[in-house]
Amino acid sequence: MADLAKLVDELSSLTVLEAADLAKMLEEKWGVSAAAAVAVAAGPAAGGGAAAAAEEQTEFTVVLAAAGDKKIEVIKEVRAITGLGLKEAKDLVEGAPKPLKEGVAKDEAEKLKKQLEAVGAKVELK
């Protein structure tokens, strides 16, 4: 039981991005999907850049480039999109540029971009 308590303490000290990385690593190792738990991606996936560029891109990373003038509205939209808590969403918005979601389809990425730009944020699709 002491080991479990120590593990809980260590997991509680993770940042949101570290927790997202952990979830991805566990998904890959165990071959499962925890889509609701992985709300924020830490960054674009590594590798395959030149080969993927020749083909049409099907997966995009939505990057919050800047919050703009209406930071509170942007935080509200980020919370709605990612399911993050207020503090995590605020930290993500204030730390821009930051990846918001990765591996999303073009239609969803465009929708998210329009949604965020409507409240004054600057968004990039990669």
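In helix H4, the residues Val-74, Ile-75, Glu-77, Val-78, Ile-81 and Thr-82 are buried, where buried means under 20% relative accessible area, exposed over 50% and partly exposed in between (1.4 Å probe, protein chains only). The model is predicted: local features need pLDDT of at least 70, side-chain atom pairs count only at pLDDT 80 or more, and totals for chains, interfaces and linings use all residues. Residues are numbered from 1 along each chain as its sequence is written, and side-chain values use heavy atoms, with hydrogens and water left out.

Helices (H or I, at least four residues) and strands (E, at least two) are DSSP runs, numbered from the N terminus. The other side of H4 carries the exposed residues Ile-72, Lys-76 and Ala-80. Glu-73, also found in H4, is partly exposed, with a relative accessible area of 36%. The cover over the buried residues of H4 includes S1, helix H5 (86-94), S2 and H6. After H4 comes Gly-83, with a positive phi near 80°.

Helix H6, residues 106-118, has 13 residues and reaches 18 Å from its first C-alpha to its last, close to the 18 Å expected at 1.5 Å a residue. The expected span is 1.5 Å times one less than the number of residues. In H6, Ala-109, Leu-112 and Leu-116 are buried. They lie on the same side of H6 because they cover an arc of only 65° around the axis. The face turned away from this buried side carries the exposed residues Asp-107, Lys-111, Lys-114 and Ala-118. Strand S1 (59-66), helix H4 (71-82), strand S2 (98-105) and strand S3 (122-125) are among what covers the buried residues of H6.

How do the two helices meet? Two packed helices are described by the angle between their axes and the distance between the axes. The axes of H4 and H6 come within 9 Å and cross at roughly 155°; axes are lines fitted to C-alpha atoms, for helices over the stretch in contact, and angles run from 0 to 180 degrees between N-to-C directions. H4 and H6 are therefore roughly antiparallel to each other, a term for angles over 145 degrees. Glu-77, Val-78 and Ile-81 in H4 meet Leu-112, Gln-115 and Leu-116 in H6, contact meaning heavy atoms within 4.5 Å.

Key
The arc is that of the directions from the helix axis to the C-beta atoms. Angles under 35 degrees count as roughly parallel, over 145 as roughly antiparallel, 65 to 115 as roughly perpendicular and the rest as oblique.
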